[in-house]
Structures are given as C-alpha cells and as structure tokens.
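Work through these exercises with the structure in view. Try each task before you read its solution.

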Amino acid sequence: MNVCVLGAGTMGHGIAQVTATAGHDVRLRDVKREFVDDGLNAIRSNLHGGVERDKLTAEDADTAFDRIEGYTDLGEAVSGAALVIEAVPEDIDIKQETFEDVEEHVSEETVIASNTSSLSVTEIASVLSDPSRAVGLHFFNPVHIMGLVEIVVAEQTDEAMTEFAREFVAGIDKTVVEVTDSPGFASSRLGVALGCEAMRMVETGVASVEDIDAAMELGYRHPMGPLELTDVVGLDVRLDILEYLREELGERFRPPQVLKRKVRAGNLGKKSGEGFYVWEDGEAVRPADGEGGER
C-alpha cells in the first residue's frame, strides 16, 4: 500500500519508519528539504540502532529505508496514496488547512488521518467535502518502540474507514485502542492528568521530582515517571494540551504555574536540554536546579 506521511519531525518520521518496516511504500513530506533530510537521517539512525540490538537484520533495515522517499511538494507526495497521515504541528488551523490541501490532490477513496494527540478529529475533518473519510491515528513517541495506536472515531467517520484503520494498525504490528472523539481522547487525557498532579506535588513540596517519578516507576511499574515523560513529550506540548482541555473540560486541567514558568524560560524538556531534568546525549542525568536530588 502507498502511504504518505505529512511532517518529518519526531512523530512523522517515526510513523514513516514503522510503516515502511511493515512493508508499505512511504512518502515522507515536509515543507523544507532540510526537514525531510533530517527526518530521513533520524530513520536511518533508528534502523541502525535496531540492527545493533538484533531487532531486525541489516538487510531488513536497508529494505525498509529504501521504501521511503522524501518530498517537499504536497501534490506529488500524496498522489496515488491509499492513506495520508498528517503529523503537522498540534494546531487546529494548520491541521484543517492540511486536510483541505490533501483533499484537493487525492482520490475519493483515499483515507485521510490525523495524528493529533488531543484536538478534535471531528473539528479537523469538518473542512473536508467528505469528512466520512477522516479518522484519528494517534501514535506514541517514540513510534518505533511504543506498541500502541489510538484510533479516534470522529462523529463523521464511516465504519469502513474505522475498519481500514484497524487493519492498518494491526498490519504494522501495533495494538489498537479505539475511542470516540472527545477532548484528549483516553491516553492524553489520563496522561496529562497524572503529569499535572505530579507538577502540583512539586510546587507544594510534597516530594522531589526524582522521588515522584520513582514512586510511579517502582510502585506502579510505569516505564517512566510522569515528570520525565513530560520532558520527553515537551513541556510546551503538555501546556498546549492542558490549556485545550481546560477550555473544553474545566478547571481540573488548569496548567500548574511551574509548567508555565518553565515554558516561558524556554526549558521545554529533552528537546531543549532542560525541563524537570537536565538532559545530556538524550538521557536525563539529574533533576534541574531547584528540583532536588541527583539522578
């Protein structure tokens, strides 16, 4: 199957990688060639890491990479695609504009999916002439490691599109959870609620960043504590989600002040080198100054 992924950033290149590894032909598109090349280089590095960890053979890695082509022209990228997955910035206007642009260049049979982590798929799809072709495919970071994809069924989504999404996700060796379109879906809503409470505990001095994370890792067998996960997701992304959920669901999702302060200071987590932790070479090495403890 021909699949087009729009956006070559962290999520986009991850989706492209797992889709190509599963045997599909993939076109990875972004607005600038340098963004496309960065995405392709990240895929090559991830595949190489998989070979080193004996997750796949060198031949399989090369074959998967050869299935991916990079594009900057939208029309060329989506032409002939059976499925288009947008992984553009988490902004309703950008996503709606992307959906409109895609619909102009694809056939009536093409399924158009959004990787949004919290925005209304129903609202995103409302700009389409045929919104029944739209569905949410919410992947998780890092895509090539995380086994879950959340299928979000919009109010307009045709059952045939939902079934198509189920088969696609199963075919790329991911596990499906299916939700109706509601603010934050299931995963983001629960995830930010836990992260939000952890931040309030930091603010009120209940425990250190390190101890709060250890409590969830060791006491509840979470692979990563809520504050370290916030750093990985991006503090700015978490803030945007919380502000959206507060608007839709009420004050229980009010963003903590510590989160607002860190975002204003440019401390966005792993991608900036500091959030609730200080990051070096992709690893959290210690809590940030003022957060207490040694990693």
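This is a predicted model: local features need pLDDT of at least 70, side-chain atom pairs count only at pLDDT 80 or more; totals for chains, interfaces and linings use all residues.

**Exercise 1: a positive phi**

Task: locate aspartate 173 and state its phi.

Solution: Aspartate 173 lies in the loop between helix H7 (159-171) and strand E8 (175-180). Its phi is near 65 degrees, a positive value in a residue other than glycine. Most residues other than glycine have a negative phi.

**Exercise 2: H1 against H2**

Task: describe how helix H1 (residues 10-21) and helix H2 (residues 33-52) pack.

Solution: Two packed helices are described by the angle between their axes and the distance between the axes. Axes are lines fitted to C-alpha atoms, for helices over the stretch in contact, and angles run from 0 to 180 degrees between N-to-C directions.

- Step one: the axes of H1 and H2 come within 9 Å and cross at roughly 55 degrees.
- Step two: H1 and H2 are therefore oblique to each other. (Angles under 35 degrees count as roughly parallel, over 145 as roughly antiparallel, 65 to 115 as roughly perpendicular and the rest as oblique.)
- Step three: from H1, His13, Ala16, Gln17 and Thr21 meet Gly39, Ala42, Ile43, Asn46 and Leu47 of H2. Contact means heavy atoms within 4.5 Å.
- Step four: sort the residues of this contact into 4 nonpolar, 5 polar and no charged. (Ala, Val, Leu, Ile, Met, Phe, Trp, Tyr, Cys and Pro count as nonpolar, Asp, Glu, Lys and Arg as charged, and the others, Gly among them, as polar.)

**Exercise 3: H2 against H3**

Task: how are H2 and helix H3 (residues 58-66) arranged?

Solution: Their axes are 9 Å apart, at an angle of about 165 degrees. That makes H2 roughly antiparallel to H3. Leu40, Ile43, Arg44, Leu47 and Val51 of H2 meet Ala58, Ala61, Ala64 and Phe65 of H3. This contact has 8 nonpolar, no polar and 1 charged residues.

**Exercise 4: H8 against H9**

Task: which residues join helix H8 (residues 187-203) to helix H9 (residues 209-219)?

Solution: First the geometry: the angle is about 145 degrees and the axes are 10 Å apart. Next the contacts: Leu194, Ala198, Met201 and Val202 in H8 meet Val209, Ile212 and Met216 in H9. By class, the contact has 7 nonpolar, no polar and no charged residues.

Key. Residues are numbered from 1 along each chain as its sequence is written. Side-chain values use heavy atoms; hydrogens and water are left out. Helices (H or I, at least four residues) and strands (E, at least two) are DSSP runs, numbered from the N terminus.
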